[in-house]
Amino acid sequence: MKNWKKNIRQVQPYTPGEQPDRPDIVKLNTNENPYPPSSSVEKALAEMDGSALRLYPDPAASGLVRAIADFYELDPSQVFVGVGSDDVLAMCFLTFFNSQKPVLFPDVTYSFYPVWADLFRIPFETPALDEDFCLRKEDYYRENGGIIFPNPNAPTGIAQPLPQIEEILQHNLDSIVIVDEAYVDFGAPSAIRLLERYENLVVVQTFSKSRSLAGMRIGYAFGSPELIRALNDVKYSFNSYTMNQAAIAAGIACLADALYWRRTLSLITQTREWTKARLSDLGFTVLDSQANFLFVSPPDKNAKDLYEALRERDIYVRYFAGPRTENYLRITIGTPLQMDRLFGALEDWLREGKREGLKKG
Ligand SMILES: *Cc1c(COP(=O)(O)O)cnc(C)c1O
């Protein structure tokens with residue numbers, strides 16, 4: 001082996017969902033919003049001064065930080081922004097998880113957490129969710145180098161009641177606790193209101209899901225001014241200009257149209273509820289999701305077969321191999337029309353399965 005090869009960092013990367021760009025597919029695999037972002041975003045982008053692009057953006061993205069702080073009635077010193085919440089979360093791991101003790105997160109959760117932990121050489125342990133995929137708060141009442149979990153959790157969609165999150169905080173006043181609220185707008189209570197009482201709490205949110213701006217890459221974190229300062233110091237040691245001018249302008253414009261945001265949120269949650277009922281009628285096990293996706297198990301638990309059958313019909317959902325998740329599919333809530341196409345395919349597949357069964361029996 002060539003000597004220099006020994007010095008190359010080998011990592012096991014995160015696998016994002018597929019992004020096929022054919023217009024005819026039903027794409028329910030990456031929890032994108034099925035509705036376009038507010039028209040105010042397109043307007044703001046059209047009005048951008050192209051000649052200003054010769055300048056570097058504001059390294060602090062102050063306009064966007066102020067707009068987010070105003071929207072959530074916080075001080076700008078409590079807001080950090082980044083290139084999607086993936087960037088914000090990576091900065092949080094780098095900044096806050098520097099102990100020899102293990103960081104704790106659930107065994108079934110956002111699969112990027114172990115990837116960052118490995119990349120930054122952070123020890124971690126993964127307490128198992130209970131058999132109903134619920135987080136057991138007591139698992140987090142022990143020595144640790146930090147705690148992180150999404151609320152609602154991914155890929156289950158199950159939300160943790162706020163009093164339980166507060167109990168985890170109370171048992172961990174010496175750790176930083178990060179609540180990843182990528183899906184919180186679809187129906188879970190936000191931990192934002194706990195910020196004033198817990199200076200060790202970090203709440204991370206994103207414009208990618210509820211605000212329909214996955215392509216723009218805007219994420220943010222809330223925390224005490226001391227934590228936000230630490231995040232910014234690490235960010236400025238890594239890359240000063242993370243937010244480009246278009247993203248800053250788009251984010252500000254998007255926040256200004258709260259009416260549209262609430263309207264699309266309500267459309268998605270309504271679609272989620274009837275999709276849930278219809279799937280149950282077909283014999284699926286459906287977890288109680290407060291997010292813009294459902295975690296479901298088909299009647300005969302043959303999730304991988306179903307994943308492949310749907311894919312052949314140009315319907316993309318997400319399948320996670322592994323002992324705890326292999327009987328389930330994660331299905332993003334799309335438009336009613338997209339869900340109808342999904343149900344057409346599901347009913348065909350169930351009928352075919354019955355016919356096969358009859359032949360064999
Ligand atoms: C989608 C998602 C993110 C990342 O979203 P960004 O597009 O990077 O903002 C973070 N956490 C969870 C749990 C997610 O599902």
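This is a predicted model: local features need pLDDT of at least 70, side-chain atom pairs count only at pLDDT 80 or more; totals for chains, interfaces and linings use all residues.

Visitor: How do I read a pocket, and what volume does the largest pocket have?

Guide: On a 1 Å grid over the protein atoms alone, a pocket is an open set of points where a 1.4 Å probe fits, with protein on both sides within 12 Å along at least five of seven lines; lining residues have an atom within 4 Å of a point. Points are joined across faces, edges and corners, and the volume is the space filled by probe spheres set on them. Here the largest pocket comes to about 600 Å³. It is lined by 29 residues, and those closest to its centre are Tyr 14, Thr 30, Asp 86, Tyr 110 and Lys 209.

Visitor: What kinds of residues form that lining?

Guide: We sort them by class: Ala, Val, Leu, Ile, Met, Phe, Trp, Tyr, Cys and Pro are nonpolar, Asp, Glu, Lys and Arg are charged, and the others, Gly among them, are polar. The lining of the largest pocket has twelve nonpolar, ten polar and seven charged residues. Helix α3 (residues 84-96) gives the largest share, four residues. Helices (H or I, at least four residues) and strands (E, at least two) are DSSP runs, numbered from the N terminus.

Visitor: Which space does the ligand take?

Guide: A molecule sits in a pocket if more than half of its atoms lie within 2 Å of the pocket's grid points. The ligand takes the space of the largest pocket. The residues around the ligand (a heavy atom within 4 Å) include Gly 84, Leu 89, Asp 180, Tyr 183 and Arg 217. By class, this shell has four nonpolar, four polar and four charged residues, and its largest share, four residues, comes from α3.

Visitor: Which atoms lie at what distance from the ligand's oxygens?

Guide: Look for polar contacts, pairs of N or O atoms within 3.5 Å; within protein, one must be able to donate a hydrogen and the other to accept it, and residues adjacent in sequence count only if both atoms are side-chain atoms. A backbone N or O atom of Ser 85 lies 2.6 Å from a ligand oxygen, and one of Asp 86 lies 2.9 Å from a ligand oxygen. Thr 206 uses a polar side-chain atom, at 2.5 Å. Alone, the ligand exposes 380 Å², and the protein buries 92% of that; such areas come from the Shrake-Rupley method with a 1.4 Å probe.

Visitor: Which side chains does Lys 27 contact?

Guide: Lys 27 is in strand β1 (residues 26-27). Its side chain makes polar contacts with the side chains of Gln 19 (2.7 Å) and Thr 30 (2.7 Å).

Visitor: Where are the cis peptide bonds?

Guide: One joins Asn 151 and Pro 152, with omega about -5°; another joins Ala 154 and Pro 155, with omega about 0°. Pro 152 is in the loop between β5 (147-150) and α5 (162-170), and Pro 155 is in the loop between β5 and α5 too.

Technical notes
Residues are numbered from 1 along each chain as its sequence is written. Side-chain values use heavy atoms; hydrogens and water are left out.
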